[in-house]
Amino acid sequence: VMASMAHLQEEKLRLQEELLGLQEKLAAQENDELSRSLQLQAQVETLKAKLLEQAQEISRLRSELGGTDVEKHRDLLAAENERLRQEMKAYEGELRELRRQQQAPCQDCAHLQENAELQERLSQLQREAEETRAKLVELDLEVQQKTNRLAEVELRLKDSLAERAEEEERLSRRLRDSQETIASLKSQPQQIKYIIKTVEVESAKTKQALCESQSRNQYLQEQVGMQRQVLKEMEQQLQSSQKTAAQLRAQIMMYEAELERAHGQMLEEMQAMEEEKNHAIEEAFSRAQVEMKAVHENLAGVRTNLLTLQPALRTLTHDYNSLKRQVRDFPLLLQETLRSARAGIGQAIEEVHNTNRELLRKYRRELQLRKKCHNELVRLKGNIRVFGRVRPITKEDGEGPEAANAVTFDADDDAVLHLLHKGKQVSFELDKVFPPQASQEEVGAAVRTAGTSRGCSHLLLTLPGPPQVFQEVQALVTSCIDGYNVCIFAYGQTGAGKTYTMEGTAANPGINQRALQLLFSEVRGKAADWDYTISVSAAEIYNEALRDLLGKEPQEKLEIKLCPDGSGQLYVPGLTEFRVQSVEDINKVFEFGHVNRATECTNLNEHSSRSHALLIVTVHGLDRSTGLRTTGKLNLVDLAGSERVGRSGAEGSRLREAQHINKSLSALGDVIYALRSRQGHVPFRNSKLTYLLQDSLSGDSKTLMMVQVSPAEKNTSETLCSLKFAERVRSVELGPVSRKAELASWPSQEQLEVTEGPPGDSPGTAASSSRGHASPSPGQLSGRAASIRRKLQTSG
Ligand code: ADP
Ligand code: MG
């Protein structure tokens with residue numbers, strides 16, 4: 001027993017030690033557990049606080065939004081959706097209304113298409129809204145699910161919290177128990193073993209409970225973490241759904257804006273259309289009004305017209321009736337009118353007859369007066385006129401300096417021409433100068449027109465300006481009808497245009513033919529009162545022998561004799577006279593004369609330039625009313641060429657010809673000079689030509705000398721001579737100087753030749769003073785006087 005006692009003692013000591021170790025361990029464990037429980041309590045406390053916080057947060061959110069955010073959102077969206085639906089419905093109603101309104105007025109309007117587009121757009125928007133609505137429903141559902149889950153989680157959290165509270169409760173209770181046990185064990189050391197055992201058992205149990213509570217705690221913590229995770233996820237989901245909702249809202253707003261814009265556009269268009277419609281209606285209305293007004297006016301006009309037409313119709317009917325009456329009465333009226341008209345006409349005829357008689361009487365008196373006037377005019381102008389005519393430069397003049405033009409004219413004075421001779425300009429003044437461009441036609445025209453109105457032609461004589469040669473020629477020709485004798489001479493060197501001026505060409509006749517034509521027309525014009533006979537003779541003087549160009553024997557020389565009746569008149573026995581009545585007759589006579597002249601010579605040109613050709617026209621007139629008789633002679637003379645033949649070169653017949661020509665031309669000059677200077681004695685007998693023309697040169701006869709010149713440089717010497725001759729004829733003064741002039745003599749052709757040269761060689765001649773008078777110097781007078789005396793003796 002003692003051993004056992006000792007052993008037990010030992011055991012007891014060991015146990016005691018062990019107990020002490022366990023007690024220490026326990027105390028450490030208790031400390032540890034305490035700290036742990038404290039820790040856990042703190043943890044539970046914090047969790048509780050968190051839970052509370054979350055619960056508070058949840059309640060706050062609930063109270064703030066009337067549920068969760070999502071819910072609130074959902075509600076909002078639903079409300080908005082509802083509103084949108086309402087609006088849409090309203091729009092649809094409006095649209096339907098609009099469509100109804102539009103359908104009638106503008107079926108084919110341009111806005112229809114736009115409308116359709118808008119409708120399409122609207123339907124699209126509606127579709128989108130529908131989709132959004134569906135999405136919203138989906139989201140709603142999701143939110144519902146999530147709220148459910150949240151509620152579940154909350155419930156579970158609550159459960160676990162309750163469980164934990166319970167567990168803690170239980171653990172603290174056990175802790176208290178175990179502390180109590182330890183305390184009792186300490187107070188009862190006998191029962192240590194047992195107690196220790198109990199403690200051991202209890203500590204194992206406690207350990208297990210601790211383990212369990214620890215694991216439970218772990219699990220709860222995990223649960224809390226999970227819950228947190230879920231919460232976070234949910235928050236995220238909430239955020240995303242919020243975002244989606246915001247997006248959707250923005251989209252809806254956009255759609256709304258678009259819808260509004262479309263609506264506005266539509267409204268605007270509607271308004272514009274409405275305005276257009278109104279405008280069109282207004283316009284149509286105003287147009288219709290205007291038209292209406294016009295129609296009304298027209299109607300009024302038509303009405304007034306009708307009103308005015310009625311009286312017009314009435315007057316027309318009246319007129320018609322009166323016309324009818326007049327037509328009925330017309331034959332009677334006509335007869336009466338005819339009767340009275342006949343009586344009137346008879347009376348008028350009687351009056352006209354009387355007037356005619358009176359006029360005839362006056363005309364006769366005028367005729368006498370005119371003749372007197374004409375005579376007076378001619379006397380004033382002088383019976384002898386000298387004209388110059390310059391022919392144009394022709395092919396025959398050749399080319400080069402010889403054919404150069406040496407003649408110029410004065411633009412202001414048609415009676416002056418200038419000749420450039422040997423480098424000096426010599427001027428001449430005649431009664432009139434015709435430049436190369438003066439044509440034959442003009443002659444004809446002037447003669448023809450003058451032929452129909454003679455009175456005028458005499459008036460024209462006094463008018464200045466237009467070319468006077470034609471009127472002058474015409475006046476001379478017609479004065480032949482009145483009983484005057486006339487001579488027209490063509491003077492100039494061979495080739496200067498004498499024959500051209502007198503005879504002309506077949507196409508372009510000269511003075512001869514035109515003069516006869518004029519005579520015929522004049523005679524025809526006076527045929528009512530006068531009987532005229534016109535007869536023609538043609539003669540030639542060659543080498544001072546007179547020959548009849550129309551006779552049967554042209555070569556026979558004729559003599560000029562004094563009329564045996566003692567009248568002092570000259571006549572040529574045997575000179576053939578043809579009576580002519582028409583232009584054809586004249587042409588025949590001319591032809592006959594030409595033929596006779598041509599057969600008598602070998603070279604007609606040569607011959608004609610060496611002889612004088614005469615055409616003598618005699619006009620006998622008888623005034624039937626008065627019995628007055630007149631005889632006029634027209635002598636048209638184409639003179640022989642005035643050129644001087646060089647004395648040295650010429651011999652035999654050529655020399656004789658030249659001498660004869662010189663003699664006859666000198667004689668002509670003398671005669672004209674004597675006549676113009678009114679000398680008492682005129683040397684007619686000095687040549688056959690002047691002797692033959694004595695009747696036609698003296699008394700109140702008229703003479704025209706047409707001096708023809710060539711403008712060619714090579715002919716200037718002859719031109720100078722011709723112009724000197726012309727000027728000398730012309731420059732003879734009339735009246736008081738006549739006595740003085742009587743002493744002077746006409747220079748012979750030789751003298752002309754001699755005086756031609758430098759002015760200083762022979763003073764006092766025309767060459768020294770071309771425009772001066774031909775008054776000879778005192779020194780020359782004695783010699784000249786002797787020659788005149790000689791001439792006077794020969795002329796008897
Ligand atoms: P003349 O008779 O003086 O010898 P013509 O009359 O035979 O001279 O003239 C000589 C040439 O000059 C002719 O060929 C003629 O046709 C021409 N002739 C003369 N005068 C004119 C003129 N005024 N116009 C045109 N040609 C003229
Ligand atoms: Mg000739």
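The model is a predicted one. Colouring by secondary structure will show 18 helices and 15 strands. The accessible surface comes to about 46700 Å², and carbon and sulfur atoms account for 55% of that area. Among contacts between residues at least 6 apart in sequence, 74% join residues at least 24 apart.

Next, turn to the charged side chains. Side chains of opposite charge can pair when their charged atoms come close. The structure holds 21 salt bridges, and three of them are visited below.

Select Arg-14 and Glu-18 in helix H1 (residues 2-65), where the two are separated by about one helical turn because they lie four residues apart. Their closest N and O atoms are 2.8 Å apart, forming a salt bridge. Arg-14 is partly exposed, at 42% relative accessibility, and Glu-18 is also partly exposed, at 35%.

Now select Glu-256 and Arg-83, a salt bridge whose closest N and O atoms are 2.9 Å apart. This pair links distant parts of the chain, with Glu-256 in helix H4 (residues 192-381) and Arg-83 in helix H2 (residues 69-103), 173 residues apart. Arg-83 has a relative accessible area of 37% and is partly exposed.

Move on to Glu-718 and Arg-644, whose salt bridge brings the closest N and O atoms to 3.0 Å. Glu-718 belongs to helix H15 (residues 716-731), while Arg-644 sits 74 residues away in the loop between strand E14 (629-638) and helix H12 (652-676). Glu-718 counts as buried because its relative accessibility is 11%, under the 20% cut-off.

Conventions: Residues are numbered from 1 along each chain as its sequence is written. Chains are lettered from A and ligands numbered from 1 in the order in which they are written. This is a predicted model: local features need pLDDT of at least 70, side-chain atom pairs count only at pLDDT 80 or more; totals for chains, interfaces and linings use all residues. Side-chain values use heavy atoms; hydrogens and water are left out. Contact means heavy atoms within 4.5 Å. Accessible areas come from the Shrake-Rupley method with a 1.4 Å probe; for residues, only the protein chains shown count as cover. A salt bridge is a side-chain nitrogen of Lys or Arg within 4 Å of a carboxyl oxygen of Asp or Glu. Buried means under 20% relative accessible area, exposed over 50%, partly exposed in between (1.4 Å probe, protein chains only).
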